[in-house]
Amino acid sequence: MQGSFNRGSGSNSARWRPTLPLLIALLTLPLLTGAAFAHAVAAGDKGYIQEISGINVLPLIYLGAKHMVTGYDHILFLFGVIFFLYRMKHIGIYVSLFALGHSTTMLLGVYFNVGINSYIIDAIIGLSVVYKALDNMGAFQRWLGFQPNTKIATLVFGFFHGFGLSTKLIEYNISPDGLVPNLLAFNVGVEIGQLMALGAILIVMGYWRRTRSFWRHAYRANVIMMTAGFLLIGYQLTGLFVAA
């Protein structure tokens with residue numbers, strides 16, 4: 001079950017000091033470098049995708065894992081999803097819903113050549129980060145008087161994350177020769193990368209949650225995450241208007 005700040009907060013502790021700056025750095029460093037703004041594949045990988053023909057299982061698994069591990073928008077959303085999840089059963093449910101969502105639209109989007117304007121879809125992905133941060137802060141309960149279904153929201157935003165990747169793969173003109181095996185391999189890589197990212201997040205969160213100041217500073221972390229989401233949205237909308 002998802003939590004929020006309605007549960008209260010803990011007392012202050014000096015042990016939070018190395019944790020919160022680390023968390024801030026993890027959330028903001030890619031934004032400062034500019035790499036995080038593009039929900040895309042690296043230039044060298046793009047060239048490889050454009051040139052391949054036939055079945056290339058292992059390279060596509062590697063590229064899928066690399067995309068997820070370096071996909072800042074994916075990681076931000078995943079971080080927000082598990083922020084208040086403590087039991088592995090609940091984490092497994094939400095991560096599986098997210099995986100089902102982005103796997104479905106990524107595979108079907110490329111196979112049926114269904115693309116969405118990359119700026120628009122990436123702005124929606126940024127919106128998913130903002131939504132999750134607001135949800136974690138209990139904003140919807142205070143503003144609207146009810147709690148949106150977090151499982152449905154995770155699945156729906158997973159669909160949009162998948163469309164973000166399928167749109168890029170379509171733009172890169174991936175060869176139809178060996179398309180299905182290559183897409184499945186890429187998707188397997190994405191899931192491997194997601195598990196790697198999830199493991200790293202759980203290690204950081206596990207350490208932070210053991211400090212007595214978790215509840216005191218968790219709100220700030222979600223404000224930072226929300227700000228990063230707005231930056232992603234602003235960057236993509238700016239690109240949309242400039243390109244128009």
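1. From the N terminus on, the elements of the protein run α-α-α-α-α-α-α-α-α-α. The secondary structure comes to 10 helices and zero strands; helices (H or I, at least four residues) and strands (E, at least two) are DSSP runs, numbered from the N terminus. The model is predicted: local features need pLDDT of at least 70, side-chain atom pairs count only at pLDDT 80 or more, and totals for chains, interfaces and linings use all residues. Residues are numbered from 1 along each chain as its sequence is written, and side-chain values use heavy atoms, with hydrogens and water left out.

2. Two figures describe the protein overall. Of its 244 residues, 51% are buried, where buried means under 20% relative accessible area, exposed over 50%, and partly exposed in between (1.4 Å probe, protein chains only). Among contacts between residues at least 6 apart in sequence, 87% join residues at least 24 apart; contact means heavy atoms within 4.5 Å.

3. Helix α6 (residues 118–136) packs against helix α10 (residues 214–243) at an angle of about 165 degrees, and their axes are 8 Å apart. Axes are lines fitted to C-alpha atoms, for helices over the stretch in contact, and angles run from 0 to 180 degrees between N-to-C directions. The angle makes α6 roughly antiparallel to α10. Angles under 35 degrees count as roughly parallel, over 145 as roughly antiparallel, 65 to 115 as roughly perpendicular and the rest as oblique. The crossing of α6 and α10 is left-handed, a term used if the near helix is turned anticlockwise from the far one by less than a right angle, with right-handed used if clockwise. The residues of this contact divide into 16 nonpolar, seven polar and two charged. Here Ala, Val, Leu, Ile, Met, Phe, Trp, Tyr, Cys and Pro count as nonpolar, Asp, Glu, Lys and Arg as charged, and the others, Gly among them, as polar.

4. Helix α6 also packs against α8: the two axes come within 9 Å and cross at roughly 155 degrees. That makes α6 roughly antiparallel to α8, and α6 passes α8 in a left-handed crossing. Among the residues that meet are I121, I125 and Y131 in α6 and F157, F160 and F163 in α8. The residues of the contact of α6 with α8 divide into eight nonpolar, six polar and five charged.

5. Helix α3 (residues 57–70) and helix α4 (residues 72–82) have axes that come within 5 Å and cross at roughly 60 degrees. The two helices are therefore oblique to each other. H67, M68, V69 and T70 of α3 make the contact with Y72, H74 and I75 of α4. These residues divide into four nonpolar, three polar and no charged.

6. Because 10 of its 11 residues are buried, α4 is largely enclosed by the rest of the structure. The buried residues of α4 include Y72, D73, H74 and G80.

7. The largest nonpolar core has 37 residues, of which L76, I82, F83, L134, M205, W208 and F214 touch the most other members. A nonpolar core is a set of buried Ala, Val, Leu, Ile, Met, Phe, Trp, Tyr and Cys residues joined through side-chain atoms within 4.5 Å. The elements that give two or more residues to this core are α4, α5 (88–111), α6, α7 (139–144), α8 (150–171), α9 (179–209) and α10. The largest share, nine residues, comes from α10. A second, separate core of 17 residues includes I49, L63, L183 and V190.

8. Q194 is found in α9 and counts as buried at 2% relative accessibility. Leaving out residues up to four places away in sequence, Q194 touches M68, L78, V95, F98, A99 and H102. The C-alpha atoms of Q194 and H74 are separated by 8.5 Å, although the two are 120 residues apart along the chain. N187 also has its place in α9 and is buried, with a relative accessible area of 11%. Its contacts, apart from neighbours within four places in sequence, are S103, M106 and L107.

9. Two loop residues call for a check of the backbone. N113 lies in the loop between α5 and α6; its phi is near 55 degrees, a positive value in a residue other than glycine. N113 counts as exposed at 55% relative accessibility. N173 lies in the loop between α8 and α9, and its phi is likewise near 55 degrees. N173 is exposed, with a relative accessible area of 58%.
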